[in-house]
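Here is a short note to read with the model open. Please follow the points in order.

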Amino acid sequence: MQPIHSLHDFFVRSGAEVWLYHLGRRVEPCSLETLAAFERGEALWPAPWQGQARLGLVFRLGDVRDPLIWFLALPLDEQGQLVAAPRDAFVQRLLETLGRSVASVGREGGEAVENLMKDNPLAFTPTLPFQAVLHARASLDLGQPASQHLEPVEAYLSGQQALDWQALGLQGLADFVVRMDVEQRRQLAARLPALPGEVLTSLCYCLEHVAIDDALASALRVRGEADAAAGDVEAFCACVRAMGGAEAAAAGAWFDALLADPDACGPDLLAAMAGRGWHHLEDARRLPRFLTRLAECRNADFMSVARDLALVPRLRLPVLMALREAAPDSAIGQRLAALTRHTGTPGG
């Protein structure tokens, strides 16, 4: 058997059934080919988050029937490429733990692999919404039923049954969002204006991981603007985060309107745009405007957000160009000058 040098090698040669998911900016399916190209240094990680390639790996190994789940955060260098040493150490530890050919892993081997997450420097714990959406997606992809929490959520959001909204579970909301059909989207758009703030926020933290249609996008904008006017920053920003899954026209129009108002562009709103709507910033006018508002916001960590966006392959060159072309007396130029004074090196 050829030597195993990567995670991709391990999953292919072990014969594992595996489902991969991005766990950085959104919970989205990830192909084994994407992981292979990344590990070989042939491609940058498409959705980095805070200098890491975050992965959820759901797999069956050997004769273990119940899927195992790993959460791995692979470190990236400043160019967005894999820092190989921690991955190599993990793969070596994996092979040493198994202590035999991975092609013949049985139940004990599967349990040993599961235990590798203990004291693993690459392991991380996703936020609860990420965990809920991952479980919802994986259950659907594996042909398994949704959780028992789905039914009361369906009844509540359809308006068919009056329930105490406080009894709704996050897992049920995630299952609903991942599995909702056209009619359920229509019903949700109609219900959105009347949802309690707590339900809306949790729902949006799930919606941000899926594509949403124009009707739901329109309802999110109306509700978000109402929450902003009422001073509910958390609900407002949750709606903006959920808008990341909308079509470019709907999301772009709202982003443009928000960026046109300097008073609206607080650190939470800017973080929501960058974290969940980053792909809508891939616009020749919108990106410089966003970076300008970011630089103007004194409570925002300008360089941290700019560096994180620059790790996204499709945004790297536009972000670097916007920084380099900024006039010295502009908000961006002043931020870069201040950084240079503190570190002695230019930002970006």
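Which helix lies across S1, S2, strand S3 (52-60) and S4, running at about 70 degrees to S1?

1. The answer is helix H2, residues 32-39. Keep in mind that this is a predicted model. Helix H5 (residues 128-141) also lies across S1, S2, S3 and S4. H5 runs at about 145 degrees to S1.

2. Now look at the sheet itself. It is open and has 4 strands, in the order S2-S1-S3-S4. The pairing is antiparallel. Strand S2 (27-30) and strand S4 (68-75) are the edges, and each pairs on one side only. From one strand to the next, the twist averages 30 degrees.

3. Zoom in on one pair. Strand S1 (residues 17-23) is joined to S2 by 4 bridges. Here His22 stands opposite Glu28 in S2.

4. Next, the interior. In soluble globular proteins, nonpolar side chains tend to be buried together. The largest nonpolar core in this model has 84 residues. Leu207 and Phe290 have the most contacts inside this core. Helix H11 (residues 233-242) gives the most to the core: 7 residues. A second, separate core has 29 residues, including Phe11, Leu68, Leu94 and Leu98.

5. Take Leu207 as an example. Leave aside its neighbours within four places in sequence. Leu207 is then in contact with Val177, Met180, Leu188, Ile212, Leu216 and Ala242.

6. Finally, find helix H15 (residues 302-310). Of its 9 residues, 7 are buried, so H15 is largely enclosed by the rest of the structure. The buried ones are Phe302, Met303, Val305, Ala306, Asp308, Leu309 and Ala310.

Technical notes. Residues numbered from 1 in each chain as written. Predicted model: local features only at pLDDT ≥ 70, side-chain atom pairs only at ≥ 80, totals over all residues. Heavy atoms only, no water. Core = buried A, V, L, I, M, F, W, Y, C linked by side-chain atoms within 4.5 Å. Buried < 20%, exposed > 50% of the residue type's maximum accessible area, 1.4 Å probe, protein only. Helix = DSSP H or I, 4+ residues; strand = E, 2+ residues; numbered from the N terminus. Contact = heavy atoms within 4.5 Å. Pairing = 2+ DSSP bridges. Axes fitted to C-alpha atoms, helices over the stretch in contact; angles between N-to-C directions.
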